[in-house]
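Hi,

Here is the model I promised to send over. Have a look at it first, and then read on for my notes.

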Amino acid sequence: MFKISLPDGSVREVPRGSSPADVAAAIGPGLAKAALAARVDGELRDLGRPFEGDAALELVTARDEADALELARHDFAHVLAEAVQALFPGTQITFGPSTDDGFYYDFAPRDRPFTDEDLPAIEAEMRRIIAADKPLTREIWSRADLIARWLEQGESFKAEWAGELPEGEELTVYRSGSDWLDMCRGPHLASTGKLDPAAFKLTRVSGAYWRGDQANAMLSRVYGTGWLNKKQLDAHLLRLEEAAKRDHRKLGAEMDLFHLQAEAHGSVFWHPKGYKVWRELEAYMRRAIDAAGYREVKTPQIMDARQWEQSGHWGKYRENMFVIPDEVPSVEDEGALVSGKGDWMALKPMNCPAHVLIFRQGIKSYRDLPLRLYENGCCHRNEPHGALHGLMRVRQFTQDDAHIFCREDQIVAEVQDFCALADRIYKDFGFTYAIKLALRPEQRFGSDTDWDKAENELRDAVVRAGLATPEYGWEELPGEGAFYAPKLEWHLTDAIGRTWQVGTIQSDRVLPERLDAHYIGEDGEKHRPVMLHRAIFGSYERFIGILIEHYAGKLPLWLAPVQAVVATIVSDADGYASEVEANLRLAGIRVESDLRNEKINYKVREHSLQKVPHLLVVGKREAEERTVAIRILGEERQRFMPMDEAVAWLKGEALAPDLRA
RNA sequence: GCCGCUUUAGCUCAGUCGGUAGAGCACAUCAUUCGUAAUGAUGGGGUCACAGGUUCGAAUCCUGUAAGCGGCACCA
C-alpha cells in the first residue's frame with residue numbers, strides 16, 4: 001500500500017498500481033469527472049499514471065487554469081497532428097508545442113505546404129477525433145524500438161529527433177486510441193473527449209525551419225488558438241480584433257501621420273502630423289540628455305569602406321549595409337552605370353565608429369571622462385525583406401544614440417545613472433518594462449576575460465540599482481549579445497500586454513581598441529577608455545509605432561499632432577472662432593479651426609476619429625458670452641469656461657511631463 | 001532571405017462560366033446655418049501592381065518580377 005497525502009492534510013492508503021484517477025474516483029464522482037491531470041510531489045502527470053510510492057497528490061481541474069490550459073493546448077496540438085495525418089497521408093509529423101494563446105504543429109507535407117483553405121477540413125477532422133473521445137495512453141519505449149518504428153512509418157524527422165536523445169534512455173510515447181502515436185514527454189489529458197470542441201480555432205499557416213535553423217528544411221506550420229471553453233476562445237478572438245484596431249500602420253494612415261510605399265520600401269515618409277510627434281519626442285529627449293550631461297553631435301552619413309573595415313562592421317555586418325561606389329555614374333547610354341573601380345563607401349548602419357573618431361580628435365585626459373556623446377543618428381540597414389514591418393522594422397531609422405567614453409571604474413556608476421534615466425523616461429510615457437542581460441554570442445570579437453568583465457559590470461549595475469528582480473522581469477539571455485559587447489535590454493510592455501525591445505546599454509572594449517581610442521591617465525600613460533553604447537527610444541520610428549499602439553492613437557495631449565480644434569456650429573461664430581484659435585496658437589497650442597458649413601455632429605465625429613484630444617465648440621451663445629464648450633476626447637460631459645481661462649488651462653495641460661512642476 | 005496568401009478608384013471592398021468595370025466612404029459643385037459621433041442632391045474619378053504568354057477576346061487562365069500581409073529566420 002502507498003500513502004497518498006492530499007492538500008487538505010488527509011492521507012489515503014491505496015494499493016500498488018493505483019493512479020490519481022483512482023483517488024479522484026474514491027473521493028467522489030464529481031471530482032473524478034472534473035480531474036484533468038495530477039500533481040504528484042509537485043510534478044504534473046497523467047491522471048492514469050500509477051503511483052510509484054508514497055506521494056503528495058494535488059488533482060488538477062479546470063480551476064487550475066494555467067495547468068489546465070497548458071494540458072489542453074498540448075492535447076490540441078496532438079489532435080491537430082493526428083487529424084492532419086488522417087487527411088493527408090504521407091505527411092510527416094515533427095514537433096508541436098503549446099504557445100501563449102494556443103498551439104502549433106510543424107509538418108513536413110508530402111506534396112505541398114498547407115494553405116488557409118485546408119484549415120476548415122482539418123478543424124472538422126479534429127472535432128471528429130475529440131468526439132470519438134479516444135483515450136490517450138502513456139507507453140514507455142526503448143530508443144531503438146522507437147527509431148525503428150519511426151523509420152518504418154517514414155517519419156524521418158521524428159527518427160532524427162529520437163536518435164539524438166540520450167542512448168539507452170526510455171522514451172515516453174502517447175497513443176491516441178489504438179492507432180496513432182507520437183513521441184512526447186507528456187503529460188496529457190486522459191482522453192481527447194476532455195477537450196472542448198468549441199474552444200479552439202486554427203488561425204493560420206506559415207513556413208518554419210526544422211529546428212529553427214535556416215539551413216534546414218522548411219516545414220509547414222499550422223497555428224491554432226486553444227482554450228478551455230468557448231467563452232474563453234471568444235474573449236481571445238475579441239482581444240485580437242481590439243489589437244488589430246490599434247495597429248500603428250492602420251492608425252498611421254487614418255490619422256495621416258506617415259506612409260510607406262514600394263519606391264522607398266522600408267523607409268518612412270513622415271507627414272506633417274507624424275513629424276510633429278517626432279519633433280516633440282526629439283525636444284523631450286534633448287531636454288533629458290542635456291540635463292544628464294550628454295553633448296549632442298552630428299556625424300557623416302557615408303564613410304569610406306576602409307573605416308568600416310577597421311571598425312569590424314565590414315567583416316561582421318556587411319550583409320546588412322548599403323554600399324555606395326565613390327564614383328560619378330556614367331552618362332553614356334551603353335555600358336555599366338559605374339565601373340566598380342572607384343573606392344567603396346557605405347551608409348552608416350551604426351553611429352559608434354563616428355563617435356570614436358570624434359573622441360580621438362585632440363588628446364583626452366582622464367579628467368575629460370566620462371565623455372557622453374549623443375546623436376539623433378540616422379542609420380541605414382539593409383534588413384532581410386521579410387523582416388520589414390511598418391514602423392517597427394525599417395531600413396532607414398534614427399536612433400537616440402549615445403556613447404559614453406569612460407574609465408573602468410566609472411562603468412557601474414554610468415550604467416546605474418542610465419537605468420535611472422531610462423526608468424524616468426519610460427514612466428513619462430506610461431510604460432512598465434523588463435530588463436534583460438544578453439550574454440556573449442558565438443560569433444564575437446574580444447577575449448573571454450573582457451567578456452567576463454563586461455557581463456559582470458552590467459549585471460552589477462542592475463543589481464545595485466535594485467532592478468535585478470522578478471518584478472522588473474530580470475532575466476539573462478545566453479548568446480543574445482552583440483558581436484562586440486553584452487547588452488542590457490529594456491523590454492516595454494504596452495497597454496495590451498505586448499512587449500517591445502527598445503532601450504539598451506552595452507559595455508564595449510572592442511571598438512576603442514580597434515579604432516585606437518585612448519586617454520592620458522593620472523599616471524601620465526595612455527589608457528583605453530571603455531565605450532558604453534546606449535539608447536532609450538531605440539529608434540524614433542519604432543518608438544512612435546509603439547506609442548501609437550500603446551495609446552491606440554489617442555496620444556497624450558503633449559504629443560498629439562493637433563491638440564485642439566475650434567469647431568463652429570453656425571457661421572455667425574466664425575469670427576469669434578478665429579479669435580479663439582489665434583489665442584490658443586499664441587499660447588503655443590497646436591490648434592486648427594473648423595469653420596466648414598457642416599453640422600456639429602459631423603464635426604464631432606470627424607475630429608473624434610482623428611483622435612483630437614480637445615474639441616472647442618463655439619456657437620452663437622459662446623460668441624456672445626466669450627466662452628468655449630470643451631469636449632475632451634472619450635468623455636461625455638463637456639466643460640464650459642471663459643476663453644481666457646480655457647487658453648490658460650490648455651496651456652498647462654499641454655506641458656510635457658518633464659516640464660510639469 | 002525562406003514558406004503561404006494577397007494586389008481592382010484616394011480608402012474599404014464586390015466583380016458568376018474568359019465577352020470591354022461596380023458599391024460605400026472620401027473628393028468637387030449646389031442647396032442647407034443646424035448645439036455634441038455621418039444633411040441632401042448632382043458630378044468627376046480606374047493602363048484591374050508590373051512584364052510576358054495562352055486566346056477571336058484576359059481584371060478573370062499560365063509564367064516571371066515587385067510590393068503588401070501572416071509566420072520562420074534575422075534584428076533598434
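Below are my notes on the protein chain and on its contacts with the RNA.

This is a predicted model, in which local features need pLDDT of at least 70 and side-chain atom pairs count only at pLDDT 80 or more, while totals for chains, interfaces and linings use all residues. Residues are numbered from 1 along each chain as its sequence is written, chains are lettered from A and ligands numbered from 1 in the order in which they are written, and side-chain values use heavy atoms, with hydrogens and water left out.

Chain A has 20 helices and 33 strands (DSSP runs, H or I of at least four residues and E of at least two, numbered from the N terminus). Its C-alpha atoms fill a box of roughly 85 × 75 × 70 Å along the principal axes. Of its 661 residues, 50% are buried (under 20% relative accessible area, 1.4 Å probe, protein chains only).

Around RNA strand B there are 53 residues (a heavy atom within 4 Å of the strand). The closest are Ser-206, Tyr-209, Val-394, Asn-597 and Arg-605. The side chain of Arg-605 has an N or O atom 2.5 Å from a base nitrogen of RNA strand B, and for Glu-383 the corresponding distance to a base nitrogen is 3.2 Å. Among the elements that give two or more residues to this surface are strand E11 (200-209), strand E25 (499-508) and helix H18 (600-609). H18 provides the largest share, seven residues. Of the RNA atoms within 4 Å of the protein, 48% belong to sugar or phosphate and the rest to bases.

Best wishes

Note on methods:
Polar contact = N/O pair within 3.5 Å; in protein donor to acceptor, adjacent residues only side chain to side chain.
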